[in-house]
Amino acid sequence: MIIRPARNILGSLRLPGDKSISHRYAMLAAIAQGATRLTNFSTGADCASTLGCIRQLGCTVRSEDGRLEIKGRETLAVPADSLDCGNSGSTMRMLSGILAGQEFACDLHGDESLSRRPMARVMLPLRQMGATITSAAGDRPPLHIVGRKLRAIEYAMPVASAQVKSAILFAGLFAKGCTAVEEPYRTRDHSELALRAFGVELEKSRNRISVRGPQKLHAIEARIPGDISSSAFFLCAAALFAESNLVIEGLLLNPTRAALLDVLRMLGCRISVLNLEEQHGELVGAIKLEHGKLGGVTIAGAQSVALIDELPVLAAIAPYTRDGVEIRDAKELRVKESDRIALVARNLRAMGAECEEREDGLRVPGNQSLHGAGIDSGGDHRIAMAFAVAALHAQGESEIRGAEAARISFPEFFEMLEGVVER
Ligand code: S3P
């Protein structure tokens with residue numbers, strides 16, 4: 001994919017459904033009574049992996065004219081083959097929670113990138129609940145899960161991870177008694193909201209969430225709000241140009257996901273929120289970004305957790321800020337679809353930028369001019385899209401190698417980007 005420099009970002013967009021919510025609604029629909037009907041389901045390959053897995057588990061999944069219908073099952077079917085999670089860590093980790101509570105054995109595998117990702121974070125708590133989870137590759141996929149009647153646990157998570165929290169809460173639906181999770185930092189709360197939407201009673205106080213099992217779920221009808229992590233690429237692109245004017249409608253604005261808006265405001269962008277409403281507990285609205293402008297910012301602690309998926313694009317535009325960007329406490333970036341710290345640093349340097357790579361983050365000085373370059377996506381969707389954005393403000397063309405990785409979360413990305421770029 002060749003990206004040429006832009007002059008401005010102008011226009012109005014609606015984005016495909018949020019990936020995190022799509023995964024959760026599909027998984028909960030699979031174990032709910034009745035038929036769940038969803039529109040604006042994520043178009044990314046990751047959520048297709050989740051749908052593939054629940055089909056393998058015996059659920060009927062029908063898709064017609066952008067409407068998805070998932071028929072839940074009282075008990076899931078024993079899959080004939082290993083469940084294919086593709087590139088999707090969310091699928092493998094969150095589905096493990098549901099599978100831990102089914103009384104059968106099954107296997108889960110993923111592609112080369114997923115096969116490198118740590119799974120001990122879900123294996124340990126689910127084992128404590130009584131499931132057998134093993135891997136021939138230490139704590140990496142493939143996984144072999146033998147589900148059981150589970151016991152409720154109290155679990156203090158060592159890593160702040162919404163996927164781990166979700167796996168435990170989902171397993172808690174099948175355990176007798178009160179399963180509670182405590183998180184070190186607040187992570188996205190879509191599982192809590194989705195469980196309530198599907199009729200589950202759940203308690204929440206500060207950073208402790210608990211669910212009493214067993215509980216039955218009931219099908220829902222929902223329109224999935226636009227993916228806020230996908231919107232980050234357009235918002236950061238718009239932030240690069242003083243005359244930008246970009247509207248994104250029907251966008252997910254859940255406060256546990258919207259930290260990027262605060263950061264862009266802190267950097268000097270003017271952002272307004274319109275038509276705010278609530279859908280199944282999720283906030284949805286339109287946002288308007290006018291007047292791109294970039295000062296400088298340090299991101300650390302809870303903010304790094306809240307921004308974890310948006311950090312690559314923030315780092316990619318950091319050289320164009322006035323004062324630079326420092327990212328700390330983001331070691332998790334090293335175990336995402338790629339080592340995102342190493343890859344961001346390598347690609348920034350390829351474009352002629354100076355940056356300091358650290359074990360848990362990056363420091364990128366501001367006020368730098370970059371040149372177009374060959375960018376290595378490393379097969380990672382967010383790296384491909386982040387550097388397409390950086391390339392819009394560079395001198396000369398860039399070539400994004402492995403740009404097709406964008407299909408993992410956002411197949412329409414490059415086409416939609418062209419639609420709002422002014423040259
Ligand atoms: C996600 C949680 C995050 C995030 C991932 C999606 C989710 O991962 O990076 O893209 O939907 O729960 P962790 O839970 O590993 O932090």
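**Burial, backbone angles and packing**

Tutor: We can start with Asp 65, which is placed in the loop between strand 5 (60-64) and strand 6 (67-71), where strands (E, at least two residues) and helices (H or I, at least four) are DSSP runs numbered from the N terminus. The model is predicted, with local features requiring pLDDT of at least 70, side-chain atom pairs counting only at pLDDT 80 or more, and totals for chains, interfaces and linings using all residues. Residues are numbered from 1 along each chain as its sequence is written, and side-chain values use heavy atoms, leaving out hydrogens and water.

Student: Why does Asp 65 count as exposed?

Tutor: Its relative accessibility is 73%, and exposed means over 50%, buried under 20% and partly exposed in between, with a 1.4 Å probe and protein chains only; Asp 65 therefore counts as exposed.

Student: What is the value of phi of Asp 65?

Tutor: Phi of Asp 65 is near 50°, which is positive in a residue other than glycine.

Student: Asn 40 also has a positive phi although it is not a glycine; why is Asn 40 called buried?

Tutor: Asn 40, with a phi of about 55°, lies in the loop between strand 4 (35-39) and helix 2 (45-56). Its relative accessible area is 18%, so set against the limit for buried residues Asn 40 falls under it.

Student: How do you know that Asn 8 counts as buried, and what does Asn 8 touch?

Tutor: Asn 8, in strand 2 (residues 8-14), has 8% relative accessibility and therefore counts as buried. Not counting residues up to four places away in sequence, Asn 8 touches Phe 241, Glu 243, Ser 244, Val 420, Val 421 and Glu 422, contact meaning heavy atoms within 4.5 Å. With Ser 244, a polar atom of the Asn 8 side chain lies 3.1 Å from the backbone nitrogen.

Student: Which residues of helix 4 are buried, and what do the buried residues of helix 4 pack against?

Tutor: In helix 4 (residues 120-128), Arg 121, Val 122, Met 123, Pro 125 and Leu 126 are buried. The buried residues pack against several elements, among them helix 3, helix 5 and strand 10 (143-146). After helix 4 comes Gly 130, with a positive phi near 120°.

Student: What is omega for the cis peptide bond that joins Pro 141 and Pro 142?

Tutor: Omega is about 0° for that cis bond, and Pro 142 is found in the loop between strand 9 and strand 10. The bond from Gly 213 to Pro 214 is also cis, with omega near -5°, and Pro 214 sits in the loop between strand 15 (208-213) and strand 16 (217-218).

Technical notes. A polar contact is a pair of N or O atoms within 3.5 Å; within protein, one must be able to donate a hydrogen and the other to accept it, and residues adjacent in sequence count only if both atoms are side-chain atoms.
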